[in-house]
Amino acid sequence: MTAGEQPLAAALRRLDALLPEAQYPLPLDEADGMRRTAAAVANQVRDHLLPRAMRLDAPLLVVVGGSTGSGKSTLVNSLIRARLTRPGVLRPTTTSPVLVAHPDDLAWFDSGNVLPNLVRSSTPVHDSRALHVVAHDALPPGLALLDAPDIDSIDDANRRLSRQLLAAADLWVFVTSAARYADAVGWELLEQAAARDAVVSVVLNRCPPESVVDLRSHLAEMLSQRGLPAARLFAVAERHLDAEGMLPLEDVQPIRAWLAGLAAESGARADVALQTLAGAVRGLDVQLQQLADGMRRQNDAVEELSRQAANQFRLAADEVALATSDGTMLRGEVLSRWQDFVGTGEFMRGVEEQISRFRDRITGWFTGRQEAEGVRGAINDGLAALIVEHGQAACESAVNQWMITSWGREIIDINPGLAHTTKDFDAEATRAVREWQADVLRLVEEQGRGKRTKARVLALGTNAVGAALIIVVFATTGGLTTAEVGIAGGTSLLAQRLLEGVFGEDAVRRLAQRAKGDLDARVQALFATQLSRFFHITEQLEVDTTVAERLDAVAAELRLAGSEAFNDLTRPEGF
């Protein structure tokens, strides 16, 4: 807050700085509406609320708005008695909006204090984002007339601008016609004005002369029913325009007199400015709540997408962890290679009673006639294939989870590769398994540093002891069939006894736990590389989790500051 700045202006300034952070990148069903609301609130704060809160005595901005063909431009020219705006046959008739002010007020409107995002121009231009500013002394000082684009323009930019300009108005002059005063678009905007207590006047234009009274009465009744009983209502009969394209002076004189009286009374102008400002600030409360709730739903949806993906890869890692501990890996090629390596059938005949007797024979097989590379290769191929299979399944499952929602489907549509692992995943899995086996060998070497243990390891061969340790890691038989239990279970028992003979029972248990923990960590790291692609997308959505709370805070600040400001401003002098 700058020195001396009122709390209301300071709160609006904080809101102005916060609104650009209210982003709704996830394509939820409501996201487009939230973006439009955020943009509309930002425009209203900059165009009207902040400048008006800073200067309640500034000239009024009177926006002349209405539907296509209602005669807005003709009415503005007729009120000023000069051809300043250009009505035409082609639609949309109004290109750049035209603002007419008394020369004494020109500096306020030409400086960019009001409608700062519109480029100022001193000549007519065909650009809806330019504001043609005209000085004319036929308009009394204290207010300006702005001829806005059609509210139902066929041009999207013109239609959006018309709503922005009406939201920036201190006073509406809403122009409709006898043929179109019941149109839904116009009433939608009028009801919004009523909801935020904006000061509104309505001009019922182009009335058949014989029906002016009846049409005016009917429209007044409709205004009262729609929450605008206090709206000033004027009716203008259908007339032939003069050579300058203007309505007869007597037909628009009541409107001219009303505007002149308003301009002449500083207290009346302040009342209009205050009523519209107060109503607009109160209206912000609902909009800011909607924006904050929308941010929370964005955050919840992004977090849910992240959770869904993370859960699928966590489940995949759990399944690999189970498969590498429940005996599943002691099937097929791994089992066959291990049996070939140690001659399981012969060893299992009385291995419990004869393990010591056969120690020398074991040593002979490991160091001489057999090599462990076949076992290691089978482990490498089988384990890598297991990891790749579950990594691919996790990608597919995560994509299927995201496809449940429309916004998830939209993300998948532009990221079709998420359903598959990356091209290098197979090679990375193979490399990780190979490195794990190398670490198992280093673990065996570290455990066998003692002279006596080292001799045993060397006698058997480090590769053989490492292979036996991996078999023990895979050894729990919970996932095996009855026939496999007898084979694989006996095989793992031999590896267990062999290792116990080298290191001791407790050491074998610790070695197996460390080896298994290392394997699980490597699998999780591999899956994390695939999960990171999903996280990268959710992180790119850039949902700031603090914005909702900050919107709530500034809304509360506005409620307090607005209440204090309006109480002070409306309190009679001396109190």
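Me: What should I know before I look at the residues?
Reply: This is a predicted model, in which local features need pLDDT of at least 70, side-chain atom pairs count only at pLDDT 80 or more, and totals for chains, interfaces and linings use all residues. Residues are numbered from 1 along each chain as its sequence is written, and side-chain values use heavy atoms, with hydrogens and water left out.

Me: What makes up the secondary structure of the chain?
Reply: There are 21 helices and eight strands. Helices (H or I, at least four residues) and strands (E, at least two) are DSSP runs, numbered from the N terminus.

Me: In what order do the strands of the open sheet stand?
Reply: The order is E3-E4-E2-E5-E1-E6-E7-E8, and the pairing is mixed. Strand E3 (119-121) and strand E8 (232-237) each have a single partner strand, so they stand at the edges, with one side of each left without a neighbour in the sheet. On average, neighbouring strands of this sheet are turned by 25° against each other, direction ignored.

Me: How do you know that strand E1 and strand E5 pair?
Reply: Two strands pair if DSSP finds at least two bridges between them. Five bridges join E1 (residues 60-66) to E5 (residues 143-147), and these strands run parallel.

Me: Why is Val433 called buried?
Reply: Buried means under 20% relative accessible area, exposed means over 50%, and partly exposed is in between (1.4 Å probe, protein chains only). Val433 has 1% relative accessibility, so it counts as buried. You can find Val433 in helix H16 (residues 425-447). Not counting residues up to four places away in sequence, Val433 touches Ile379, Asn380, Leu383, Ala384 and Ile387. Take Leu383: it is 50 residues from Val433 in sequence, yet their C-alpha atoms are 7.0 Å apart in space.

Me: And why is Asn299 called buried?
Reply: Its relative accessibility is 15%, so Asn299 counts as buried. Asn299 lies in helix H9 (residues 266-323) and, leaving aside neighbours within four places in sequence, is in contact with Val543 and Thr545.

Me: Which residues join Arg431 in a network of salt bridges?
Reply: Glu428, Glu435, Asp439, Arg442, Asp518 and Arg522 are linked with Arg431. Arg431 and Glu435 have their closest N and O atoms 2.9 Å apart; both lie in helix H16, four residues apart, about one turn of the helix. Asp439 and Arg442 meet at 1.9 Å, N to O, and are three residues apart in H16. The structure holds 28 salt bridges.

Me: How do you know how far to trust the coordinates?
Reply: Look at pLDDT, the predictor's confidence in each residue, from 0 to 100. The chain averages 84, and 80% of the residues score at least 70. Over residues 88-92, though, the pLDDT is below 50, and this stretch has nine contacts in the model beyond near neighbours in sequence. Residues 477-489 also stay under 50. Where pLDDT is low, the predicted coordinates should not be read in detail.

How values were computed
Axes fitted to C-alpha atoms, helices over the stretch in contact; angles between N-to-C directions. Contact = heavy atoms within 4.5 Å. Salt bridge = Lys/Arg side-chain N within 4 Å of Asp/Glu carboxyl O.
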